[in-house]
Amino acid sequence: MKLSWLVILAGTLFLNPVTADCNINSQTVTCEESGKNLSDIPTNLFQNVTKLSLKNNTITLKDSDKEILQSFINLTELYLNENTITVLYNNSFCNLTKLVILDISNNHISTVHKAAFAGLNQLSVLNLSYNTITQLDSDVFTSLKSLTVLNLQNNFLKSFHIKSPFKLTEIILAGNPWTCSCDLLDLQLWLNAFSVTMANENNTTCTFPNTMENVSIKTAAIQPADCQIEKASLENTVTSTFAVKLKSRALLTALTPNNTTGNNGTYTELPVLGKSWTFLGGVLGFVLSTTLLIFTAIKCPTWYRYVMSYSHRRLEENNSEMFEQEFSADMSSSPTVLGTDNEEPIVIFEKIHAFVPGEDGFIEDKYIDSYVTEES
């Protein structure tokens, strides 16, 4: 039996050459890749590895690293401590369903996404200590149904909101700048209500306010009644602010014709235009007004000259008709001077129809020629 097992392991080793320091013991394969200045998770490892140590490298857990990790479906222990991980994105360990211990301490983790530990159904121990986490809600650990030990010491946590029940048996919270106010009340109630062991309890103390400095967060005097009053005051402030916004919106709706009547006689409020539409309408109005003014300024002189010339032609036409009528009448009644047979009669217009200034109220028109008759 042992011989056949060795043959299987030898065949596996031949098909998957391994350069890592991996120890094969029964069904446990331990690969040690510590302190080799690796920036990526190695790909030349046993696919059936159960314990993988990659500590003290420069791994950032990027997308390519997550894809490689997903191939280690038999992994039960993973050590990524002392690397350069900064963010734990969603589904970072989604395929490691058999993982029991995960150590990602001593990194530079500042942000943990809500679904970062999704799929770790068997995870029991999670070590997030010695990072730079400033905010963390219990929703992050909702999917960890088997979690019993959680290590959050030496981060930058000021509060920790418990939104879902934990089945932890031990939690480590020392070395954080805890603010013992109403934001920490739910954590304190949870610690006192459930049989949870808080390791290093003497070092898990308040940092703020100064009156509670060095007081254990488990016994700090945080009065639930005061928090209820503060919460009620905050809710009243939010409610009043919301009411003011509603009144302002109602006033704006009343001043703006946003209501239309439907077929059933009811009024339906149309959506109020945004500021972008108002700005666009203003710009279009300004452009159209400016264009109209420029067009008017250009066309007004032309129109003015046209009107003036039209009035002048009308006056000139009336004078010409009047002159022709008067001249025809004078020609028919004026005396003529007879000469030889070849001579034509000459009308002595100047003597018969002399021009008297101011007689008819019209100004002398320079376009009407004066006829002067001379005796030949």
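The torsion about the S-S bond of Cys22 and Cys31 is about 110 degrees, and the disulfide is therefore right-handed. In this predicted model, the sulfur atoms of Cys22 and Cys31 lie 2.1 Å apart. Both ends of this bond fall under the 20% limit below which a residue is called buried: Cys22 counts as buried because its relative accessibility is 18%, and Cys31 is buried with a relative accessible area of 0%.

The count of disulfides in the structure comes to 3, and, when the bonded cysteines are counted along the chain, the disulfides follow the pattern 1-2, 3-5, 4-6. Cys180 and Cys206 form a disulfide in which the sulfur atoms are 1.7 Å apart. The torsion about the S-S bond of Cys180 and Cys206 is about -85 degrees, so this disulfide is left-handed. Cys180 and Cys206 are both buried.

A further disulfide joins Cys182 to Cys227, with an S to S distance of 2.2 Å. The link of Cys182 and Cys227 is left-handed, with -95 degrees about the S-S bond. This pair, too, links distant parts of the chain: Cys182 is found in the loop between strand 11 and helix 3, and Cys227 belongs to helix 4 (residues 224–255), the two being 45 residues apart. Cys182 counts as partly exposed because its relative accessibility is 25%, while Cys227 is buried, with a relative accessible area of 10%. Another cysteine, Cys94, is partly exposed, with a relative accessible area of 28%.

Attention now turns to the chain as a whole. The chain has 6 helices and 15 strands, and buried residues make up 29% of its 376 residues. The accessible surface of the chain comes to about 24,800 Å², and 58% of this surface belongs to carbon and sulfur atoms. Of the contacts between residues at least 6 apart in sequence, 50% join residues that are at least 24 apart.

The largest nonpolar core has 62 residues, and the residues with the most contacts inside this core are Leu88, Phe93, Phe117 and Phe141. At least two residues of the core are supplied by each of strand 2 (28–32), helix 2 (63–69) and helix 3 (185–193), and the largest share, 4 residues, comes from helix 3. The core also draws at least three residues from each of domain 1 (21–156) and domain 2 (176–225). Around Leu88, when residues up to four places away in sequence are left out, the residues touched are Leu61, Phe93, Ile104, Ile109, Thr111, Val112, His113, Ala116, Phe117 and Leu128.

The structure holds 2 aromatic pairs. Phe93 and Phe117 form a stacked pair, with a distance of 6.4 Å centre to centre and 5 degrees between the planes. Distant parts of the chain are linked by this pair, as Phe93 lies in the loop between strand 5 (87–88) and strand 6 (101–103) and Phe117 in the loop between strand 7 (111–112) and strand 8 (125–127), 24 residues apart. Phe93 and Phe117 are both buried, and for Phe117 the relative accessibility is 0%.

The rings of Phe117 and Phe141 have their centres 6.1 Å apart, and because their planes stand at 15 degrees, this pair is likewise stacked. Phe117 lies in the loop between strand 7 and strand 8, and Phe141 in the loop between strand 8 and strand 9 (149–151), so the pair ties together parts that are 24 residues apart in sequence. Phe141 counts as buried because its relative accessibility is 2%.

Note on methods
Residues are numbered from 1 along each chain as its sequence is written. This is a predicted model: local features need pLDDT of at least 70, side-chain atom pairs count only at pLDDT 80 or more; totals for chains, interfaces and linings use all residues. Side-chain values use heavy atoms; hydrogens and water are left out. A nonpolar core is a set of buried Ala, Val, Leu, Ile, Met, Phe, Trp, Tyr and Cys residues joined through side-chain atoms within 4.5 Å. Buried means under 20% relative accessible area, exposed over 50%, partly exposed in between (1.4 Å probe, protein chains only). Domain bounds come from an automatic or database domain assignment. Contact means heavy atoms within 4.5 Å. Accessible areas come from the Shrake-Rupley method with a 1.4 Å probe; for residues, only the protein chains shown count as cover. Rings of Phe, Tyr and Trp (its six-membered ring) pair if their centres lie within 6.5 Å; planes under 30 degrees apart count as stacked, over 60 as edge-to-face and the rest as tilted. A disulfide is a pair of cysteine sulfur atoms within 2.5 Å.
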